[in-house]
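Please read it alongside the sequence and coordinates.

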Amino acid sequence: MEHVVIFVKATLTKKLSILVALGSLVLLAGCSSTSAAFTLGKNVTSVTDIQKTVDNILAARKTVNTTGMNLATGAALTASQVQFYLVSQLLADAGTSVGISVTPAEIAKAKGAAILQVGGATALPRALVGAGIDPKNLNLYFTSVLFSQKLNAYEIKGGATKASATAAITTLISDVATKEGITVNPRYGKWDPKTATIVPADATSGAVVSK
């Protein structure tokens, strides 16, 4: 399950694999509500949700040895969590759109294998800190991993090569995102479709909505 752990670290350290490619679908937007970090369709992830996650990550850092870790702080940490929640939802919605689902048993199996790979439950807290993952989001993280893996298998089964599957997933998710509509609160910056990262907002902080 080594690839799972690598995926964890890649997601939040900008060394993204499939999630980087998904950046090409991201729609630059601004939220009309200051209480929403972003909306995707009718689903809203609030600023409070993001702050709680950031607080949990910062608290977890105090419980482990972080020597040698390159940890995001401040606005970069917050932006990474907004990105995490949004991409997680996009993956799930795209999977659902083509009949893909992820079961609790699959999540438990993937999580168990990853815990063994990092050295057991006692080593897990430090691994999560290094990856920038809120311990309370562990199930959500593995849900996203499984959706991305299943989407990859789905595209390959449909005729894509390993090399072209990522582009095919990007197209699929882009269609879903366009249909649902995305808005992102400009306080977190704007989405760069080339890197799938949040960059500082322009001085005007103008709101652009895609629906």
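The questions below proceed from the overall fold to single residues.

Me: On what basis are the values given?
Reply: Residues are numbered from 1 along each chain as its sequence is written. This is a predicted model, in which local features need pLDDT of at least 70, side-chain atom pairs count only at pLDDT 80 or more, and totals for chains, interfaces and linings use all residues, while side-chain values use heavy atoms, leaving out hydrogens and water.

Me: In what order do the elements of the protein chain run from the N terminus on?
Reply: Helices (H or I, at least four residues) and strands (E, at least two) are DSSP runs, numbered from the N terminus. The protein chain has eight helices and five strands. Their order is α-α-β-β-α-α-α-α-α-α-β-β-β.

Me: What percentage of the 211 residues in the protein chain is buried?
Reply: Buried means under 20% relative accessible area, exposed over 50%, and partly exposed in between, with a 1.4 Å probe and protein chains only. Of the 211 residues in the protein chain, the buried share is 47%.

Me: Among contacts between residues at least 6 apart in sequence, what percentage joins residues at least 24 apart?
Reply: A contact requires heavy atoms within 4.5 Å. For the protein chain, the share of such contacts that join residues at least 24 apart is 76%.

Me: How far apart are the end C-alpha atoms of helix H3?
Reply: The expected span of a helix is 1.5 Å times one less than its number of residues. Helix H3 (residues 47-61) has 15 residues and should therefore span 21 Å. The distance between its end C-alpha atoms agrees, at 21 Å.

Me: What arc do the buried residues of H3 cover around the axis?
Reply: These residues are Val47, Ile50, Thr53, Val54, Ile57, Ala60 and Arg61. They lie on the same side of H3, because their arc, taken from the directions from the helix axis to the C-beta atoms, is only 155°.

Me: What is the angle between the planes of tyrosine 141 and phenylalanine 142?
Reply: Rings of Phe, Tyr and Trp (its six-membered ring) pair if their centres lie within 6.5 Å; planes under 30 degrees apart count as stacked, over 60 as edge-to-face and the rest as tilted. Tyrosine 141 is buried at 1% relative accessibility, and phenylalanine 142 is buried at 4%. Their rings form an edge-to-face pair, 5.1 Å centre to centre, with an angle between the planes of 75°.

Me: Which residues is serine 144 in contact with, leaving aside its neighbours within four places in sequence?
Reply: Serine 144 is found in helix H7. Its relative accessibility is 6%, so serine 144 counts as buried. Its contacts beyond those neighbours are Ser88 and Leu91.
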